[in-house]
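Here is a short briefing to read beside the model. Keep the structure open as you go through the points.

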Amino acid sequence: MAKADIHPKVLKLRFFGAWKAYLGEEPLAPLRSRKGDWLLALLAMRSDAVSRSWFAGTLWPESEESRALLYLRRELMYLRKALGHESDRLLSVGRALQLDLAGVDCDLLAFDAAIARGDEASLEVAVSLYTGSLLEGCDEEWVTAERTSRAQAYLSALERLAESALVRGDSSAAIRRLRAVVALDPLHESTQRTLMNTLADTGDSAAAIQVYRDLRLYLRRELNTETDPETTALFRRIRNRVHRSKQTASPASQTSCEPRLTRIPLPLSPLIGRHQELWEVRRRLGGSRLLTLTGTGGVGKTRLAIEVAEELKDDFAGGVCFVELAALSDVALVPQVVMNAFGLQQTPRRTALETLMDRLQSSELLLVLDNCEHLIQACAELVGPLLKSCANLHLLTTSREPLGITGESVWRVPSLSVPEWDENNRGKHKELIGEALEYDAITLFVERAQQVRADFSLKGDNVDVVSRVCRQLDGIPLAIELAAARVRSLSVEDIDSKLDQRFSLLIGGSRTALPRQQTLRALIDWSYYLLNEPEKALLGRLSVFAGGWTLEEAEQVCAGGSVAQSEILDLLTSLTDKSLVVAEIFSPSVRYRFLETIRQYASDHLSDSDDPETWRERHLAYFLAYAEQVEPYLSGAEQQRWMERLDSDHDNLRAALGWSLESVHEPESGLRLCSMLWWFWRVRGHETEGRQWCERALGGTDAQHGSKARADALHGAAVLTRVQGDYAAARALFEESLAIRRKIGDRKGIAYSVQGQGFVTSDQGDYATSRALLEESLPIHREIGDQWGVAVVLNRLGLVAHEQGDYSAAHALYEESLSIRREIGDQWGIANSLSALGVVAYDQSNYSAARALCEESVSIQRELGDQRGIALSLLNLGNVACKENDFADARAALLEGILLTRNTHDRKCTVEVLEAWGSLAATEAQWVRATLLLGAAEALREVIGSPLPPNEHPRYDALVAAIRVSLGGDTAFNSAWAEGRAMTMEQAVELAMQVTTD
């Protein structure tokens, strides 16, 4: 007997902090969704058997019971699979479920038991088990009560342990427990005061004061209120004690004590949102004496700094001083301007900096320096000495780039939150106005629009366009304010349509604002004219990228002239520091991108020192070479990694294609790109987009009619057209491709064109012609050593045999194809062959084998992102589940499958899924629905020219006959069948998606 059988792996469940489940030391296999995790958690939290309806209603409260039970069945299936040998613990007791917890290692069970015992040793155990709130990251409604209950038990345990520590004089232990209490419940002010007193009594008054500051900031952010008078009085007593001790230690400081200063600009309008940002700035300022807020122009650095200064003005004994530097141009005057802000006169024989240092040396004060970017060196030379000589001074600076001095903490101010609604969802958000207003960018737009047009409001007919405007403006507050001001004379739709000319549209800001804040262009001009010439040149050249770029891509595309390749890293870093470029880490590499507003600005300036066409051609040349480099790997062992690389640069590839089709100098580049990318489009579910690119490239003014590039692009277009069920067009494209390939003697291309024709004819039910074409291409693939092509042909020959009912031959051909695909590491092909073998097993009534094969297939296809492959495997799994009477799982699989076919516009796959839905409906005695779906599927087969395969006829005919009888004869059946045939494909899909259960 194997060792694993003697010592089975223990099931371990961790509720506190992020949910984790293990079998032994290995994490539990990933479940289908987070609902599966929460199902396991709920089972563990309920020791007795609980009805399935309770679990379904708890996990899917918004769904009708039948659909919720469907989802529950699906998740149970995947949970049992993940539990492996421990799946026997999952018990079905009639219509109830129970998890056998004997021997399970569960922190929640241990915690509850320790709390129940209640002695000090047990409370220590309970506290050690509580490593975070219950099921962190779970936002299900049911978890709230469970989470609150355990949090209260934990707090009570901490308080009792803190009391015991104070009684025995163990201040360190008491402080540790008290800090844990306030970390979890900051509103527990009596505990906050106990902590402050205990810290002060141990001599750590600074820590006690920080506890008060954190509490005060929290109350303002969360409740917009102040601390209790008792807490405030305690803070003042501790602070006064500190000042008295300082004055006693340094009598000379008493003579330099100055009145408390509050010098903060008065904002003209309330701050919209920014609650999280305010919290983050205050938190960072509490941990650093110098914090610099960076970010692109107009993102709201100054407004955020003003709000923080206002909120912290009472927390510093010396007050707050806000100094605006935007209008200052003479770097030598920076110390003088700051000194003047304090109302100081320069001391004789002392510099302005020295006078400042004398004044601030003993002050506990917050100094805010706003808009430092054009005076970086001077500000650094001021701030550095001040930090060294003034121990109680804190500095908050705003700048489009950091000061770059020791001790500086830097935080980039983000844009306002915007909705990530897809453009395809336009018009579907009329009921989501309240949700839209949760985004700060939209709230700001509405508030500012109402200032110029009182009757403006967010409505069902404008919520989409307002969202799109805010998204196109990158959530930049100033840009949104300028756009909102335009509703005085333009509709929101007009504003949206004119955003391509945003720099001429977004003018006319407040007359009292700084000149650079009155138009969007002037705002970015302020940053642009601070750049040196190489930085300006690189900024413009980078605008040819779409969707971001890597360092290597920038070096290859943008180097030349005033920008040396060896300098690009430093220049990119500088542009990032100046908030003109955004750097994002995608392990293990870094990608850079523009905000769209900056990209348009940079594009406008590309012609200042360069010829835009030159850099677009460089971009095209690079990505053409890049696609040619990647293409051979898309069918090999590392295809997933290379597919992901193409995904990351898909926007750049689109831009390169667009330029190739516009440029008179690059007539063949578009064809070559299409010939390299069609397989990527096919696997990733971009068939419609790929067809459009191929059609544009093939229809160009100079379409290179006899070239290899044209033949290859024709082939790619043919494949994408075929998988969408447009067989006549696909056949014509394959024929044109084959003619060119024969003419130029391209043996490999000939094999693929002939093979492609074989695919089309098999889809159309012409098996004799298909077999002949496939067998014509197979020897060529073998002759040139193209194992991938051999495997593809063998698999299709297997399909031809399969659909004609020769299951033995089909199985052998599928297995031979699978063997080759495993040998070359073709994951897409492996998944395809596994799915095919699963269908053979299904047709031979071996349902357990069919399920295993199709589940392995769909797992690989999900990793690859093969939308069509996933849909076909789910179709097979749905059919298997139906035969096993697991109707809930059948519905779940078919529902996901039909959603995928709708997205990929695959008409043949849609037909097959509709037929599966019809069969399921009949199995559940939904006779009219079954008739409608099968009638619609028959009509669609006729439209695309893909008849039902011969091996399907016996089962299909028996099904239709049973439905006819169940409906009471020909009259009712023929009426429903005709109604189904008259449906559009979209109507039939909608009917299938209306999942019902008896």
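At 63% relative accessibility, does Glu 25 count as buried or exposed? Glu 25 counts as exposed, because its relative accessibility is 63%. The cut-offs are under 20% relative accessible area for buried and over 50% for exposed, with partly exposed in between (1.4 Å probe, protein chains only).

This is a predicted model: local features need pLDDT of at least 70, side-chain atom pairs count only at pLDDT 80 or more, and totals for chains, interfaces and linings use all residues. Residues are numbered from 1 along each chain as its sequence is written, and side-chain values use heavy atoms, leaving out hydrogens and water.

**Glu 25**
- Glu 25 lies in the loop between strand S2 (20-23) and strand S3 (26-27).
- Helices (H or I, at least four residues) and strands (E, at least two) are DSSP runs, numbered from the N terminus.
- Glu 25 and Arg 239 are 214 residues apart along the chain, and 51 Å separates their C-alpha atoms.

**The six-stranded sheet**
- Six strands make an open sheet, in the order S8-S10-S11-S12-S9-S13, with parallel pairing.
- Two strands pair if DSSP finds at least two bridges between them.
- Strand S8 (261-263) and strand S13 (408-412) are the edge strands, and each pairs on one side only.
- From one strand to the next, the twist averages 20°.
- Axes here are lines fitted to C-alpha atoms, for helices over the stretch in contact, and angles run from 0 to 180 degrees between N-to-C directions.

- Six of the six residues of strand S11 (residues 365-370) are buried, so the strand is largely enclosed by the rest of the structure.
- Both faces of S11 are covered. Leu 365, Leu 367 and Leu 369 are buried on one side, and Leu 366, Val 368 and Asp 370 are buried on the other.
- Strand S10 (residues 319-324) pairs with S11 in the parallel sense over six bridges. Gly 319 has Leu 365 of S11 as its bridge partner.
- S11 also pairs with strand S12 (residues 393-398) in the parallel sense, over five bridges. Leu 366 stands opposite His 394 in S12, and Leu 365 stands opposite Leu 393.
- From S11 the chain crosses through helix H17 (residues 376-389) to S12, in a right-handed β-α-β crossover.
- Right-handed here means that, with the strands pointing away from the viewer, the path from the first strand over the helix to the second runs clockwise.

**Helices H8 and H9**
- The axes of helix H8 (residues 171-184) and helix H9 (residues 189-201) come within 9 Å and cross at roughly 150°.
- That makes H8 roughly antiparallel to H9. Angles over 145 degrees count as roughly antiparallel, under 35 as roughly parallel, 65 to 115 as roughly perpendicular and the rest as oblique.
- Among the H8 residues that meet H9 are Ile 175, Leu 178 and Val 182, and the H9 residues include Leu 195 and Leu 199. Contact means heavy atoms within 4.5 Å.

- Arg 796 is found in helix H38 (residues 787-803). Arg 796 counts as buried, at 10% relative accessibility.
- Leaving aside neighbours within four places in sequence, Arg 796 is in contact with Arg 722, Phe 759, Ser 762, Asp 763 and Leu 774.
- The axes of helix H36 (residues 747-763) and H38 come within 11 Å and cross at roughly 20°. H36 and H38 are therefore roughly parallel to each other.
- Phe 759, Ser 762 and Asp 763 are among the H36 residues in this contact, and Arg 796 is one of those from H38.
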